[in-house]
Amino acid sequence: NRIETKELPLVLALDATPSMLVRFAGQECKFRLMLRLTVTLGFLSIHERDKICMTSFGNPSAFFLPPRYGKGNLFLAAEILADDAAEFYKGMGRSKTRSKPYTSAVDLNECLADILARVRKQAVVVVMSDFTDVIYGRTRIDEELLSALVARHKDNIVFLLLDDEEELSWAGGVGTVMTKNIETGRLKEIKASHATRIRTEHAEKQRAFQKHLESGGIDSLVLSSNNWFDRLADFAAGRQISSH
């Protein structure tokens with residue numbers, strides 16, 4: 001009843017901005033979660049004998065690795081991202097304050113435009129990010145780009161919103177908490193008693209963004225380090241059932 005593509009390449013667009021690298025609970029961070037997801041999805045495609053395309057936005061060594069068979073793109077992308085992360089942490093160790101605001105080498109819209117221009121055949125496109133700037137209105141995703149991607153890749157656009165439950169929560173109580181924007185270096189003092197409200201508002205903004213994506217034909221899922229595998233498996237199973 002419908003045309004099935006014999007091969008469906010996987011395109012992974014990865015967020016490598018500093019907000020992904022901040023650690024709130026030991027060594028865990030959204031960057032490490034992204035690497036786990038990347039490897040999981042990448043090896044699944046390799047098992048299915050599909051090509052893999054890797055691209056990134058934000059980091060100084062922003063890359064676009066065109067669709068290829070095998071593990072080469074996966075390992076090369078992981079190496080580039082890990083090297084950039086190591087340089088970031090090294091710089092943070094030398095100086096507790098950033099003298100210059102962070103500037104992305106390639107922003108999200110540029111990355112999506114690159115995918116649209118260079119991946120001409122239908123593919124599964126997965127974008128991984130915390131989408132913090134988008135959720136809080138500091139930047140906007142080009143709606144024409146999204147529409148064009150959905151038109152080309154049909155129901156195969158997925159946005160994975162990476163979350164860290166420790167990022168916007170603390171014990172609460174009296175006094176204030178000094179926060180710092182890792183990309184701009186700006187400090188902001190917040191009342192500790194506002195912890196629950198801030199976390200709740202963040203979750204509401206995530207849901208509003210997901211509803212906006214859904215209205216444009218894009219599936220999305222919020223994942224954190226403590227639940228990513230089970231939630232991703234359930235999400236994938238649900239998509240498979242709905243496609244039949």
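These notebook entries record what I looked up about aromatic rings in this structure.

Entry 1. I noted that the model is predicted, that local features need pLDDT of at least 70, that side-chain atom pairs count only at pLDDT 80 or more, and that totals for chains, interfaces and linings use all residues. Residues are numbered from 1 along each chain as its sequence is written, and side-chain values use heavy atoms, with hydrogens and water left out.

Entry 2. I searched the whole structure for aromatic pairs and found 5. Rings of Phe, Tyr and Trp (its six-membered ring) pair if their centres lie within 6.5 Å; planes under 30 degrees apart count as stacked, over 60 as edge-to-face and the rest as tilted.

Entry 3. I looked up Phe131 and Phe159: their ring centres are 5.2 Å apart and their planes lie at 5°, so this pair is stacked. Phe131 is in the loop between strand S4 (124-129) and helix H4 (132-135), while Phe159 is in strand S5 (residues 157-163), 28 residues apart. Helices (H or I, at least four residues) and strands (E, at least two) are DSSP runs, numbered from the N terminus.

Entry 4. I checked burial, where buried means under 20% relative accessible area, exposed over 50% and partly exposed in between (1.4 Å probe, protein chains only). Phe131 is buried at 2%, and Phe159 is buried at 1%.

Entry 5. I then found that Phe131 also pairs with Phe209, tilted, at 5.3 Å centre to centre and 50° between the planes. Phe209 lies in helix H6 (residues 195-215), so the pair ties together parts 78 residues apart in sequence. Phe209 is buried, as is Phe131. I recorded Phe131, Phe159 and Phe209 as one aromatic cluster.
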